[in-house]
Amino acid sequence: MKHKHAHAENFVTRHLQVILYIASALISISAIVYFMLNGYQNLGNYDAVARLNIARKITDSLTPGIGQLGGIWLPFPQILMVPLVQSEFLWKTGLAGAIISGTAFVIGAVYIQKLTFLLTKNLSASILVWFMFVANINILFLQTMALSEVFFLTSLTMVLYYLTKWIESHTLQHFLASGFFLIIITLTRYEGYFVLIGATLVVLIECLRAYRHESLQKVEGMMLLFLTTAGFGVFLWCIYGFLFYNDFLHWLNLYSDGKIQVSTATQTVSENTDKAFEVTEYSLATAFNIYTQVILWMNGKITTFIGLFGFVLLLGVMIKNGFKGKEVQKYMPLMIISIVLFAFLVYGYQRGFIPEINLPPELIPVGDRKSFTIYSDSNMRYGIILAPCILLLAGFAAAKSRILYVIIALLFAAQLGANVYKPQALQYSLPILWPYSTLTQVAPFLDLYDEGSILIGANAHEDFMFQTGLPYKSFIYEGTRDFWVESLNDPARYADWVIYDDDIQGDTVFYFMSDEARIILQRDFDLVYDVDGFKIWHLR
Amino acid sequence: MNSVQNISVIVPITVRNNDLQTYIESVKRSLAYISYTRNKPLQYEIIFVTNNASYISSDERALLQSYGPISFHDESKHAGDALLFQKGISYANYAVQIFLNANLKIAPEALGDAIIKVMQGTDVVVTISGSQRDTSLLAIQKNTDAKALIFTKEVSDSFQGIPFLDKTYIIEFLRRANEAGFSVLKYQNDKNAQSVLSPFAAIKNTVRAGLYYLSVKFKKVNPIHTASTENNSMINAGVRYKKQKFITHSTLSFKDSAINSFTLKQILLSILFIDLVLLGLRFDIILLAQITFAILSVFYLVDVLFNFFLVFKTVKGSSELSFSKNELDQLEDSNLPIYTILCPLYKEAHMLGHFLDGIAKIEWPPEKLDVLLLLEEDDTESIETIARMDLPGYVRTLVVPTSQPKTKPKACNYGLAFARGEFVVIFDAEDIPDPLQLKKAYLGFKSSDRNVVCLQAKLNYHNSTQNLLTRFFTAEYSWLFDISLPGLQSLNTIIPLGGTSNHFRKADLITLQGWDPFNVTEDADLGLRIYRLGYRTAILDSVTLEEANSNVLNWIRQRSRWVKGYMQTYLVHTRDMLPLLRARGPQALMLHFVIGGRILFIFVNPLLWIVTISYFSFKAIVGPVLEETYSPIILYTAVISLVLGNYLYILGYVLGCVKREQWSLIKYVFLIPFYLLLISVAGCMAFYQLLFKPYYWEKTVHGLHLKKQEEVKNNLKVPNYALPKFMQKQSAFGGN
């Protein structure tokens, strides 16, 4: 048995990996090209553009520096994009983000196959899972963009992979590798913090199981080593918060207080950027409902139910074995992290830590229907977070028997076919929600613009800034420290142009401009463009 | 006292002298006087050296040779007084040598008395005019009368090849002899003799003499090596320097030794550096601060990357030499060679039982074990205690004759000469080695290429949980031997050896010329010398347990010695980097991080922490100044170094404890920054000692874990910080 597995694994290692890398890369590139050629849909998401711009602003800004990373989003994907966005072409086409996300996609695809094989020792099941990953239209779409979801999926897969390896081998290398990828994941998305909690639980359980008879001090020591490694990402972000916001727990206070700062808020810590938007809280049942809905949307109903089936099956096996035995214990990371992640996602959404998700109203109970921001449509993508877990559980089910494998494969094929035939037939498609379009205000502005600094709120006008094609040194926005603060009191001090939209709730220029500043605006500036609330002022 | 009765008389002839016959008779009368006075016959030879063969005709030579054992040597006509002097010495065969100017007016008895002084033990005697009150070198140079120089062959051999100058060779000879620790006597002969010079001539003479004197006074005098007294051995070899005779039992050149802490080049560079700093302070303190922080930041960043690489390399896979039980069991006792264990002891008789217990557990055929206990001659307590003990047959004691420097490496050099084994290892008295260590080392040598001349076993502590200090100390050693050194090995670079458990082939150790007895971390020095000479050290997967210092004061003293030794090692091995770079390539530059960086950080870390804490605590006051000092790119570099550097350090310590399975220590690792502060304190002490007491060996008190608190207090005496070494008659050397 061992020999067969070793031989199979040898084959996988030597040949299949290369093939899968190449295939995944080709699929990734094809998707990127497709969505770019079809109206630059890779730039259709506001957050994606904002992330590209954050990376750009680190070097191209009135106040360049690491502080441009801001306080809302974890920085790792943006940091990786910094060298790429130095190229105007890669920046403006969004390819800088696509390259990062696409690379993560490829690695994630291969590793999800490796992990499935590691768990099930079933080559067919592992390839099926690989296919289910790369054929997920939403993942394919997301990996064309400068977003963090795909990066998160890959990091999660790596964490699961190395934790599983460690449980099998108990080698230091695997243990530390899992810690390393936890650093990555906790610098990628806040959901990574939940993964960290889950992983800590996994390590604790395994250490207690394996070492408590040796010595409890060994358990303690291993936990400390784990937390020293895995917790470094959180520590770094706390240090960042301290350096730039004078608050180690800036990230926690930010979300727990319901203050949603602008995505480009940087060193300026004042009421000029701290705007508390209404926090949306739900009942637990509604939060559960909403979150499961988006999981179904993003992963496909059939895939999700297969995954759920796999979960029940696995749980049954584990209970039957009394949670003992290496064959069962190696599934522990997957089980525990899946449960913890899901639980915290629902809880986080219920408490309002996680931004609102816009669902068709009929899915939301009447009492919980609140106003949504324009961003909440795209937040449906949060449902993809559990994709690796769902796919791995599906893989477990598929590996259980040949019949199950065939059924699952056919069901997935049916889902895929139906979606190709009629998008959203099974409520499984995201791309059509985010067409990229050129803002109508850009051309008129460029006609007017000769030179000079522009005071504008990046929170609401990130895409405008992006589409003008002007270097970011030209803009005075929330992240330009004293330039921003002083301009809101006296726009004439630094700015030659002032742009805002008084119809947009998140327009920080309009919202934070002092009364004196408005007087100066009237006195010293000409209103040269005013359409649908979008106003452009020019210094006389 | 010299017991020789043989004399060589060397006579330079630089002008025609028609009265050599009388001269020879006068010399023979002196020799007769000596023979009569000492009541012993003499053997002598008279050697004439001349720079003009025509000064003594062949007939004259034949006639003079009939008077006794007389030889004539003709040198080049360009040969001056100094060369004739050196040539004459080279022809001399006997133990007492006299350099006698043919114009010297001296009574035979007076000359004889002067010679007798040398026979009685004085190394050098120079005869000077009786009217000369001032017997300083300047006065000797001023005095134009002829002089006689009498000295032993040991003295003349020491100055072979040194280029003396004609006008100053006498005072230079005297100065060098004095600096080399030879006894020098200025013997006033004819008290009535006076040199008569005109006033103008006297002034001219004085000025000229003064200049010559200064040229000699400030001339660099290098140490002089003294040869071993036995063939094919380094026994009794040594060096003479700064008026002392050191018996090192090593032929290591002074250029590779810490006998000199600083070379002239290093002193000049230091002065230049200080001048630049002073200039900066005077004219633009901000610019000085900017440059300083920029350099430090870059250096720290490189060190961070280096540490990351070390950790990564170690975690990725161990490069230590490791052997399975099967491989070890396959060794046949009959095939094993003799293995020598050197154990230097000084006032550590109380540890001997513990040591012998550890040795008894070593798995090596007893008949092939050669344990040498190296005792100092003045350690009578240990000698007597051991004499009363019933020692196993494989244990020998060796009493190291008292000589300076009195250090552990000197004792080891001495012991090396008596080692019977093909392999040699050093253990300290408090060591508990892995019983299989010798076998592992033996296999290690067999399986490594010939370039590997040293195997370093890992060191750790058996009393790790005694108190907080021992916990820190143990964590540090775990990091060093389980993370840092294996990482260095994988980079094929410098490995500073640990204090014990270094295994060598005896022949290689002799090729390396043993240990430097002037370096208080002779192990680190040897590790670097191994690297410089193109050899390698490998880490052996075997552990020797030692006793961690559990008393803070004792720890600081021990650590100050280590830091001082590292400084000495760094200074010695950076004297000339070019040959090292040519021989070992750019990897040789790692010396600056492995040794130099460690030393630098000891002093700089506390300052940078003060700067960092001040910035956040007193931002309103110091913030603007510091912000001006740190340009953005340097600021990023510094912050990355601060955060990542400290993180990697702590992670490295944690990993070291994990590899050693010292689970209970891990939580204490997070307090390591306080421990590092303690190292900085020791560093300051080390720097002071480097300047004023470079060879002083801070003796570590061992066995603290065995004793009660009262006994601990009694053992710890307040160190006697004596005057700077050269201000006192007795050496500043401490015990081992």
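**Confidence and layout of the predicted complex**

Confidence in chain B is highest in strand 14 (residues 423-426), at 97, and lowest in helix 25 (residues 709-715), at a mean of 46. Helices (H or I, at least four residues) and strands (E, at least two) are DSSP runs, numbered from the N terminus. In chain B, the pLDDT is below 50 over residues 708-713, a stretch with three contacts beyond near neighbours in sequence. The pLDDT is also below 50 over residues 715-736 of chain B, but this stretch has 42 such contacts in the model. Two residues are in contact if their C-beta atoms, placed from the backbone, lie within 7 Å. For the complex, the predictor gives an ipTM of 0.86 and a pTM of 0.84.

Chain B is divided into domain 1 (6-218) and domain 2 (297-727), with bounds that come from an automatic or database domain assignment. Taken over C-alpha atoms, the centres of domain 1 and domain 2 of chain B are 52 Å apart.

Turning to chain A, there are 24 helices and five strands. Of the 540 residues of chain A, 51% count as buried, meaning that 20 or more other C-beta atoms, placed from the backbone, lie within 10 Å of the residue's own. Among the contacts in chain A with a separation of 6 or more, 72% are between residues 24 or more positions apart.

Residues are numbered from 1 along each chain as its sequence is written, and chains are lettered from A and ligands numbered from 1 in the order in which they are written. Local features need pLDDT of at least 70 and side-chain atom pairs count only at pLDDT 80 or more, while totals for chains, interfaces and linings use all residues.

Technical notes. pLDDT is the predictor's confidence in each residue, from 0 to 100. A residue is buried if 20 or more other C-beta atoms lie within 10 Å of its own, exposed if 12 or fewer, and partly exposed in between; C-beta atoms are placed from the backbone.
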